[in-house]
Amino acid sequence: MTHRPTLDLLAELQGAMMGNTLVKCALTDLGVQWAGWALASALRTEKFYDLAGSGTFILLAHLSRYWGGASGVRQRVQTGLVTAWGLRLGTFLFMRILKDGHDRRFNHVRDSPGTFFVYWNVQALWVFLTLLPTLMLNSEKRDVALGPRDYAGWALWGLGFATEAIADQQKWLFKGDPENAGKFIRSGLWAVSRHPNYLGEILQWSGLWLSASSVFSGWQHLSVVSPLFVWFLLRYVSGIPILEKQAMRRWGSDPEFQEYIRNTPLLWPRPWF
């Protein structure tokens, strides 16, 4: 029979290992972003900002699994899904900025190293908080059989991945057509949501939290901050507010755009019934 003190010691060791992995991941995250800032400031470019962000997600997902000694199916699937997300989104954003030549978010930032540094630190925070459920999961030695919560989480991630990828591709093709110059997209997924790509992003991280939470207990459930943070950031800070303001400046007086605003939900599609 296992004595209670032994179980308590094992729990303490597990907590210490998880804390150690989280600290190492946080320091690595900061190190990557600070190195990226130094190079970007020297070159006065933002072209690899998003690529560095998505690359850090992939790096930390794999490092956390290595440092945490995780070898279960749940951890391997979780790490694989983060990798798939990072590769697709990072490649898409890098190709887009190469095509456009610049990112309007940095018009008054790239020539100010101090302000630019803030942006890179915000990215470090975004990476760590968003990835927190995966980092915790990959530090968790306790193995639990796969169950409905895992499959539901992975299905939600798949829905979000498809939504974001399709929406991005639809807008890419729309903007690439010379006949659409000066127009706004309102076809495909953009007919049911004004920001379907952000909807997909929120669904993906919600799904990854849901599947990871199947082995969490106690304070680990605080990792729900991940999908909540992604939703808040996109809905109220760096995503939707900026794009909505730009759209209103450009098409606000257009009757067709006004109709689009009235009839199309901002983020969440309306029920079909």
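Aspartate 103 and arginine 105 form a salt bridge, with the closest N and O atoms 2.6 Å apart; a salt bridge here is a side-chain nitrogen of Lys or Arg within 4 Å of a carboxyl oxygen of Asp or Glu. The model is predicted, so local features need pLDDT of at least 70 and side-chain atom pairs count only at pLDDT 80 or more, while totals for chains, interfaces and linings use all residues. Residues are numbered from 1 along each chain as its sequence is written, and side-chain values use heavy atoms, with hydrogens and water left out.

**Salt bridges**

- The salt-bridge rule gives a count of eight.
- Aspartate 103 counts as buried because its relative accessibility is 13%, given that buried means under 20% relative accessible area, exposed over 50%, and partly exposed in between (1.4 Å probe, protein chains only).
- Arginine 105 is partly exposed, because its relative accessible area is 35%.
- Arginine 194 pairs with glutamate 244 in a salt bridge whose closest N and O atoms are 3.0 Å apart.
- This pair links distant parts of the chain, 50 residues apart: glutamate 244 lies in helix α8 (residues 240–251) and arginine 194 in the loop between α5 and α6. Helices are DSSP runs (H or I, at least four residues), numbered from the N terminus.
- Glutamate 244 is buried because its relative accessibility is 18%, and arginine 194 is buried because its relative accessible area is 11%.
- Glutamate 46 sits in the loop between α1 (4–43) and α2 (49–68), and arginine 110 in the loop between α3 (73–100) and α4 (113–137), so the pair links distant parts of the chain, 64 residues apart.
- Arginine 110 and glutamate 46 are both buried.

**Second largest pocket**

- The volume of the second largest pocket is about 200 Å³. A pocket is an open set of points on a 1 Å grid over the protein atoms alone, where a 1.4 Å probe fits, with protein on both sides within 12 Å along at least five of seven lines. Grid points are joined across faces, edges and corners, and a volume is the space filled by probe spheres set on the points.
- The lining has 14 residues, and those closest to the pocket centre are Leu159, Thr163, Leu189, Leu199 and Pro269; lining residues have an atom within 4 Å of a point.
- By residue type, the lining divides into eleven nonpolar, two polar and one charged. Ala, Val, Leu, Ile, Met, Phe, Trp, Tyr, Cys and Pro count as nonpolar, Asp, Glu, Lys and Arg as charged, and the others, Gly among them, as polar.

Notes. Helix = DSSP H or I, 4+ residues; strand = E, 2+ residues; numbered from the N terminus.
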